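Visitor: Please take one part of this model and look at it closely. I would like the packing of a pair of helices, with the contacts spelled out.

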Amino acid sequence: MLEDGARATKAFVRPREIKNAVDLLRLVLAYCLGKRGLRLTAAWAAAIGLVDISDVALLYRLRQCGIG
């Protein structure tokens, strides 16, 4: 259901490093609700094994889904 809604609104178009809409939502929430910036959010995601992504790539993905 989340996948369908994310694809319908074009927030999550195709998986690359971020494999599904749930992982993208976790990144969005970590960035928006946390006290850390893009670099630390990307480092946190890599540390917990969520996704290995650079801060620049994370910024691009957040902009693509309407955040940032």
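Guide: Helices α3 and α4 are roughly perpendicular to each other, a term for angles of 65 to 115 degrees. Their axes cross at roughly 100 degrees and come within 8 Å, with α3 covering residues 38-47 and α4 residues 55-64. Axes here are lines fitted to C-alpha atoms over the stretch in contact, with angles from 0 to 180 degrees between N-to-C directions; helices are DSSP runs (H or I, at least four residues), numbered from the N terminus.

This is a predicted model, in which local features need pLDDT of at least 70 and side-chain atom pairs pLDDT 80 or more, while totals for chains, interfaces and linings use all residues. Residues are numbered from 1 along each chain as its sequence is written, and side-chain values use heavy atoms, without hydrogens and water.

On the α3 side, the contact (heavy atoms within 4.5 Å) is made by L38, R39, T41 and A42, and on the α4 side by D55, L58, L59 and L62. By class, these residues are five nonpolar, one polar and two charged; Ala, Val, Leu, Ile, Met, Phe, Trp, Tyr, Cys and Pro count as nonpolar, Asp, Glu, Lys and Arg as charged, and the others, Gly among them, as polar.

The side chains of R39 and D55 form a salt bridge, 3.6 Å from N to O. The term requires a side-chain nitrogen of Lys or Arg within 4 Å of a carboxyl oxygen of Asp or Glu. Because R39 belongs to α3 and D55 to α4, the pair ties together parts 16 residues apart in sequence. The structure holds one salt bridge.

Methods: Helix = DSSP H or I, 4+ residues; strand = E, 2+ residues; numbered from the N terminus. Parallel < 35°, antiparallel > 145°, perpendicular 65-115°, else oblique.
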